[in-house]
Amino acid sequence: MDTDSLGELIQRSFPGLRVVKTLNTMNCQIMVDPARLPGDHHVFLSGEDADAKKAVRELLYSFGWPEASVLDLGGIGTARGTEMLLPIWLRLMGSLGHTEFNFHVRGA
């Protein structure tokens with residue numbers, strides 16, 4: 001059900017924290033080495049605090065994520081969408097037989 005997310009729960013439970021949800025749509029190796037996966041693919045950001053998002057962007061850049069691959073989805077409520085990718089991620093893992101994949105969003 002699309003009524004909450006772990007990111008939102010953490011933010012509500014600890015309102016003084018600057019929660020940023022990211023790196024939950026790929027395996028741990030791709031998280032820290034995006035070039036491991038050839039071609040364009042994306043990492044998503046969700047959170048309320050602009051300074052925290054900026055710090056997370058810098059961390060992502062240090063891992064090798066190109067600026068154009070970092071997509072800011074908006075506030076922490078958008079973590080619902082990325083968290084709901086887990087069922088399709090698990091099915092892709094089962095179908096492909098590995099976890100060397102990620103998501104790419106292509107616009108017009």
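Biologist: How many positive and negative side chains are there in the protein chain, and how far apart are the centres of the two sets?
Modeller: There are 10 positive and 13 negative side chains, and the two centres lie 2 Å apart. Lys and Arg count as positive, Asp and Glu as negative, with His and the chain ends not counted. Each charge is placed at NZ of Lys, CZ of Arg, CG of Asp or CD of Glu.

Biologist: What kind of model is this, and how are residues numbered?
Modeller: It's a predicted model, where local features need pLDDT of at least 70, side-chain atom pairs count only at pLDDT 80 or more, and totals for chains, interfaces and linings use all residues. Residues are numbered from 1 along each chain as its sequence is written, and side-chain values use heavy atoms, with hydrogens and water left out.

Biologist: OK, the fold. Which pattern does the protein chain follow along the sequence?
Modeller: The pattern reads α-β-α-β-α-β-α-α, with five helices and three strands. Those are DSSP runs numbered from the N terminus: helices are H or I with at least four residues, strands are E with at least two.

Biologist: What share of the residues is buried?
Modeller: Buried residues make up 33% of the 108. Buried means under 20% relative accessible area, exposed over 50%, and partly exposed in between, using a 1.4 Å probe and protein chains only.

Biologist: Switching to aromatics: how many pairs are there?
Modeller: The count comes to one aromatic pair. The rings of Trp 89 and Phe 101 have centres 5.3 Å apart and planes at 40°, so the pair is tilted. Rings of Phe, Tyr and Trp (its six-membered ring) pair if their centres lie within 6.5 Å; planes under 30 degrees apart are stacked, over 60 edge-to-face, and the rest tilted.

Biologist: Where do Trp 89 and Phe 101 sit in the chain?
Modeller: Trp 89 is in helix α5 (residues 86-96) and Phe 101 in the segment after α5, 12 residues apart. Trp 89 is buried at 13% relative accessible area, and Phe 101 is buried too, at 8%.

Biologist: What does Thr 25 touch?
Modeller: Leaving aside neighbours within four places in sequence, the contacts of Thr 25 include Trp 89, His 42 and Phe 44. Contact means heavy atoms within 4.5 Å. Thr 25 is in the loop between β1 and α2, and is buried at 3%.

Biologist: So His 42, buried or exposed?
Modeller: His 42 is buried, at 7% relative accessibility. His 42 lies in the loop between α2 (28-32) and β2 (43-47). Beyond four places in sequence, among the residues His 42 touches are Thr 25, Trp 65 and His 104.

Biologist: What about the phi of Leu 23?
Modeller: Leu 23 has a positive phi of about 60°, although it is not a glycine. Leu 23 is in the loop between β1 (20-21) and α2, buried at 16%.
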